[in-house]
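Please look over the notes below alongside the model, and check each point against the coordinates as you go.

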Amino acid sequence: MNCQKWSFRMALLLFSVAISLGLSRLVASESLEFPSNYEQDFVHYASVTCPNSRIVRQMYANPIAMNAARENNPLPNGSVIVMETHSAVADANGRLTPSHLNNVFIREKQSGFGQEHSENLRNGNWKYAWFSPTGNLVSNRESSCLSCHTRVSDRDYVFTLPDLVTAAQTNQLQSRPTKFGLSVCN
Ligand code: HEC
């Protein structure tokens, strides 16, 4: 191979490496898709109240996550969990009833997700995004989601994993006040 041909091929190779690196970064920073069907197709497995700030959080999991939890298996790639946050009104006994849906938080596990994050921030293969109730992206800046959810790295970064497993195995919605204090109830 003459020198000119060689440098042309080298340039081509470098160019394609640059393109694929660029593309993988683009994919990594792309937001999750809003699962517009979640109210019909997902299971409402937990309802967690924040009594002091009058917020109710409703959690839904897709069939892939529910099926794994039913069998006591780890949540596989393809698992999607939705958390709605509602303002709520309290009755005379302090029981909260959701009155207005404010936000929809999503997390999804897929092979290759999360690899752009440093080891101490990464939540395995989970990715996060925050949407409005109508499915518009509010933010896909994940750093705060990741850093708070690392507190439960021992349960695959899912705070409500025990509720998900119990709900999957008993077909009962799990309802309780938050166990994690006010910092996550604003
Ligand atoms: C300050 C801590 C904190 C931050 C920041 C946070 N979360 Fe969470 N998240 C929680 C807690 C705690 C729960 C469980 C609810 C409860 O018990 O109050 C939860 C639950 C969830 C759930 C339901 C599944 C699960 O893990 O239990 C989803 C989905 C979720 N969060 C998404 C997000 C997204 C998306 C972001 C970033 C935009 C985010 N969270 C930021 C603390 C946090």
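1. Basis of the note. This is a predicted model, in which local features are given only where pLDDT is at least 70 and side-chain atom pairs count only at pLDDT 80 or more, whereas totals for chains, interfaces and linings use all residues. Residues are numbered from 1 along each chain as its sequence is written.

2. Overall make-up. The protein contains five helices and seven strands, where helices (H or I, at least four residues) and strands (E, at least two) are DSSP runs numbered from the N terminus. Read from the N terminus on, the order of these elements is α-α-β-β-α-β-β-β-β-α-α-β. Of the 186 residues in the protein, 26% are buried; a residue is buried if 20 or more other C-beta atoms lie within 10 Å of its own, exposed if 12 or fewer, and partly exposed in between, with C-beta atoms placed from the backbone. Among contacts with a separation of 6 or more, 51% join residues 24 or more positions apart, a contact being a pair of residues whose C-beta atoms, placed from the backbone, lie within 7 Å.

3. The ligand shell. The ligand is surrounded by 23 residues, of which C145, C148, F159, T160 and T178 are the closest; a residue is near the molecule if its C-beta atom, placed from the backbone, lies within 6 Å of it. Two or more residues each are given to this shell by β2 (55-61), β3 (80-90), β4 (96-109), β5 (126-131) and α4 (143-149). Helix α4 supplies the largest share, namely four residues. By class, the shell divides into 15 nonpolar, five polar and three charged residues, where Ala, Val, Leu, Ile, Met, Phe, Trp, Tyr, Cys and Pro count as nonpolar, Asp, Glu, Lys and Arg as charged, and the others, Gly among them, as polar.

4. The pair α3 and α5. The axes of helix α3 (residues 63-70) and helix α5 (residues 161-170) come within 8 Å and cross at roughly 80°; the axes are lines fitted to C-alpha atoms, for helices over the stretch in contact, and the angles run from 0 to 180 degrees between N-to-C directions. The two helices α3 and α5 are therefore roughly perpendicular to each other, given that angles of 65 to 115 degrees count as roughly perpendicular, those under 35 as roughly parallel, those over 145 as roughly antiparallel and the rest as oblique. In this contact, A65, M66, A69 and R70 of α3 meet L164, V165, A168 and Q169 of α5, and the residues of the contact comprise six nonpolar, one polar and one charged.

5. The buried face of α3. Within α3, the residues A65, M66 and A69 are buried. Viewed down the axis of α3, its buried residues fall within an arc of 95°, so they line one face of the helix; the arc is that of the directions from the helix axis to the C-beta atoms. The cover over these buried residues of α3 includes β1 (43-50), β2, β3 and α5. Just after α3, N72 takes a positive phi of about 60°.

6. F159, found in the loop between α4 and α5, is buried, with 21 other C-beta atoms within 10 Å. Not counting residues up to four places away in sequence, F159 touches V152 and F180, and the C-alpha atoms of F159 and F180, which are 21 residues apart along the chain, are separated by 9.0 Å. C50 belongs to strand β1 and counts as buried, with 20 C-beta neighbours inside 10 Å. C50 and F180 are 130 residues apart in sequence, yet 9.4 Å apart in space, C-alpha to C-alpha. With residues up to four places away in sequence not counted, C50 touches I55, T178 and C185.

7. Two loop residues with positive phi. R54 lies in the loop between β1 and β2, and its phi is near 55°, a positive value in a residue other than glycine. D156, in the loop between α4 and α5, has a positive phi of about 60° although it is not a glycine. R54 counts as partly exposed, with 18 C-beta neighbours inside 10 Å, and D156 counts as partly exposed with 16.

Note on methods:
Contact = placed C-beta atoms within 7 Å.
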